[in-house]
Amino acid sequence: MNDEKKPGERKKLTASAVRKMKKAGEKIAALTAYDFPTARLADEAGADLILVGDSLGMVVLGYDNTLRVTMADMLHHASAVTRARPAALVVGDMPFMSFQEGKHQAVRNAGRFVQEAGVDAVKLEGGKKHAETVERIVGASIPVMGHVGLTPQSILEFGGYRVQGKSPEDADRLMEDAKSLEEAGCFSVVLEGIPWRVAQKITQELTVPTIGIGAGPRCDGQVLVMHDVLGLYPRYAPKFVKRYAEAGEVIREAFARYVKEVKEGTFPTLDYSYGE
Ligand code: KIV
C-alpha cells in the first residue's frame with residue numbers, strides 16, 4: 001500500500017507496531033476518517049491509526065444511530081480512505097449484522113474489507129461472546145481491534161447511550177470481556193464510555209494497548225470522531241468530546257461569501273474565466 005512513499009515520509013504502521021507502542025510507553029493517537037481528503041489530513045497530522053468507523057452512519061450519512069450502516073457503505077468509505085495511502089494503520093469497522101450471524105460470515109466480511117477496500121485491520125464491537133469470532137478472523141491473518149463498553153451497536157440492548165461498567169459487577173464483566181479479546185488475539189481494544197478508573201484497571205491488566213473514547217486519561221491511546229474534533233456534527237456532543245476547531249463555522253462563512261458574490265455578480269470575474 002505504501003510503495004509510493006517519498007524519502008522522509010512516515011513508515012507504514014502495522015498492527016504489530018501499534019501493539020509495541022504500549023511497551024514503549026508511546027501514546028497512540030487515533031482519529032476516524034471516512035474519505036480521501038480527511039484521511040490525508042489525519043495522516044499528515046501524524047495520527048497513528050485511522051478508523052473508518054461505522055459512526056459514518058451518523059456523522060456522514062445522517063442516520064440517528066449506527067444500526068443501518070451496511071457493508072456496502074463501509075467498503076465505499078474505507079476504499080476512499082485507503083486511496084489516500086496513509087502511513088497510519090487503517091482499521092475498517094465491521095457494521096451491525098456483518099459478523100453476528102456467525103464465524104463464517106465474520107471472516108468473509110473481514111476478508112472483503114481487506115480485499116475490496118485495502119484496510120490493514122478490522123474492528124468489531126462486543127466482548128467475550130465474540131471472542132471465537134475474533135479468533136477466526138485473526139486465524140485468517142487479519143488483525144482485529146476489539147471494542148467494549150458503550151458499544152453503539154448494542155443501544156437497543158442497553159436502552160440508549162449509557163455509560164457502562166459503573167457497578168463493580170459490570171466493571172468485572174468488562175474486564176473479563178477485554179481479557180477474552182486479548183486472548184482471542186486482538187492487537188488492541190477500544191474502551192468506550194466507561195468510568196476512567198475501570199479503564200485504568202483494564203489498561204494495567206492487558207498487554208495489548210487500550211484506545212479510549214470517553215474512558216479517561218489512563219488508556220494507552222485515544223480515538224475521537226473527526227466530526228466531533230472539528231465541530232462538524234451539529235446534533236450532539238458527549239462530555240468526552242474536545243473540539244479542536246470550529247470548522248463548521250469556517251465552512252458556513254465561506255459558503256455564505258460565495259453565495260453572496262454569485263448573487264451580486266462579483267464572482268466569477270474575468271480572472272476566473274478562459275479567453276478565446
Ligand atoms: O464508529 C466509530 O467511530 C467508533 C469509534 C467511536 C471507536 O467505533
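Hi everyone, let's start in a loop: Ser141 sits between helix H6 (131-139) and strand E5, where helices (H or I, at least four residues) and strands (E, at least two) are DSSP runs numbered from the N terminus. This is a predicted model, in which local features need pLDDT of at least 70, side-chain atom pairs count only at pLDDT 80 or more, and totals for chains, interfaces and linings use all residues. Residues are numbered from 1 along each chain as its sequence is written, and side-chain values use heavy atoms, leaving out hydrogens and water.

Back to Ser141: its phi is near 65 degrees, positive in a residue other than glycine. Is Ser141 buried or exposed? At 65% relative accessibility, Ser141 counts as exposed (buried is under 20% relative accessible area, exposed over 50%, partly exposed in between, with a 1.4 Å probe and protein chains only).

Met97 also has a positive phi, about 70 degrees, without being a glycine. You'll find Met97 in the loop between strand E3 (89-93) and helix H5 (103-117), and its 39% relative accessibility makes it partly exposed. As a reminder, most residues other than glycine have a negative phi, and most peptide bonds are trans.

On to the peptide bonds: Phe267 and Pro268 are joined by a cis one, with omega about -5 degrees. Pro268 belongs to the segment after helix H11 (247-264).

Finally, the barrel: eight strands close up in the order E1-E2-E3-E4-E5-E6-E7-E8, with parallel pairing (strands pair if DSSP finds at least two bridges between them). Within it, E5 (residues 144-149) and E6 (residues 188-192) run parallel, joined by five bridges. Thanks, everyone!
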